[in-house]
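Colleague: Can you walk me through the ring contacts in this one? Keep it short, please.

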Amino acid sequence: MTRKSGALLTFLVPVFLVVLYLLAWPVNVDPLAWQPPPDRGLVDLFAANDRLQRARPIMLGEHRGPEDIAAGPDGWLYTGTEGGDILRFDAQGGRQEVFATTGGRPLGLDFDAEGNLLVANALLGIQRITPDGRIETLLSQFEGAPLSYPNDVANHSDGGVYITDSSSKFSPRESGTYAASELDIVEHGGHGRVLRHDPAKGLTTVILDALNFPNGIALSADEQFLMLSETGSYRILRHWLAGPRSGTTETVMENLPGFPDNINNGLNDRFWVGLVVPRNRLLDDMAGRPWLRKIVQRLPAALRPKPARAAHVIAITAEGDVLMDFQDSSARLAALTGVCETSDVLWLSSLFGNAVGRLDKRDLANP
């Protein structure tokens, strides 16, 4: 072998190994091809604005990741944190205290008619916390297997609890909530479902399945239907529970400019949705190329597409009409997951950081 051919071989062998790795190394996703609607970006009703710039952060000290906020019947506001604590704070945000420690990762919150706090704990299942802080588990398993990714809860007046189980394949117990959500969205395999649990009877049923990362869920004021964020498909669904359309599901919003996260009841029958991050053009372009999504998944994490920093929440009707669109181009409070609306304040929850946002409604009325 000549010196020239030896040098060529020395170059080609590592290149061959890298190509082989990118094409054949096992990964934990098996993507399916799909066709997302063309991303129109921030246009029309979603045109860029800075209406959120007047929101001010309420710092939570060492507590991080206030993913959802619920207003309690006692006047306190409640949020779950990365460390597993349920933190509550007063209407001014100045007084704060740990209400309970769940031992997992609390995500979606709701209150039942008795003033108990219902918690979708991504690691442990559905929990109920009494007003004096006692914790009990309502549901941790279904059909002989642990709930894989409980994400949000909505309480019905009959005692039933509606639950989003975001992914039956990618569990946060293995990789954390954010990484598990990324894997499920990249795969787009329809692993999510909505459950209904009756605590009194101990009965759990599947309401919807084959969804792509179902996330936030809210019950209409008249309890006729559910509103549901399907994060992986950029859309909002309405599922009818009563009336002539009972049992049917319809898409009321699609082709959103971001990934919808929580959906919460607001005042006057409106619903608030947090668009946690904008859509990613590269991810959309790869939607019809499962093999390419596998290659990207083999890259080091630092080289994979990263979500852009943004701050975006919307208010919608049950028919999907946009009532309000609030953004902040500087994204001081980024990755907003949703809104808890009270009579005078919009409270902003976030996936990251150690603050919740407070936007006083009087500031919206004054230019």
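Colleague: Is F271 buried or exposed?

Modeller: F271 is buried, at 3% relative accessibility. Buried means under 20% relative accessible area, exposed over 50%, partly exposed in between (1.4 Å probe, protein chains only). This is a predicted model: local features need pLDDT of at least 70, side-chain atom pairs count only at pLDDT 80 or more, and totals for chains, interfaces and linings use all residues. Residues are numbered from 1 along each chain as its sequence is written, and side-chain values use heavy atoms, with hydrogens and water left out.

Colleague: Which residue forms an aromatic pair with F271?

Modeller: F225 does, and the pair is tilted. The centres are 6.4 Å apart, with 50 degrees between the planes. Rings of Phe, Tyr and Trp (its six-membered ring) pair if their centres lie within 6.5 Å; planes under 30 degrees apart count as stacked, over 60 as edge-to-face and the rest as tilted.

Colleague: Where do F225 and F271 lie?

Modeller: F225 is in strand β17 (residues 225–230), F271 in strand β21 (residues 271–278). They are 46 residues apart in sequence, so the pair ties those parts together. Strands (E, at least two residues) are DSSP runs, numbered from the N terminus. F225 is buried too, at 8%.

Colleague: How many aromatic pairs does the structure hold?

Modeller: It holds 10. One of them is Y78 with F111, edge-to-face at 5.3 Å and 70 degrees.

Colleague: New topic. Which charged end sits over the ring of Y234?

Modeller: That of R279, 4.0 Å from the ring centre. The rule: NZ of Lys or CZ of Arg within 6 Å of the ring centre and within 35 degrees of the ring normal.

Conventions. Helices (H or I, at least four residues) and strands (E, at least two) are DSSP runs, numbered from the N terminus.
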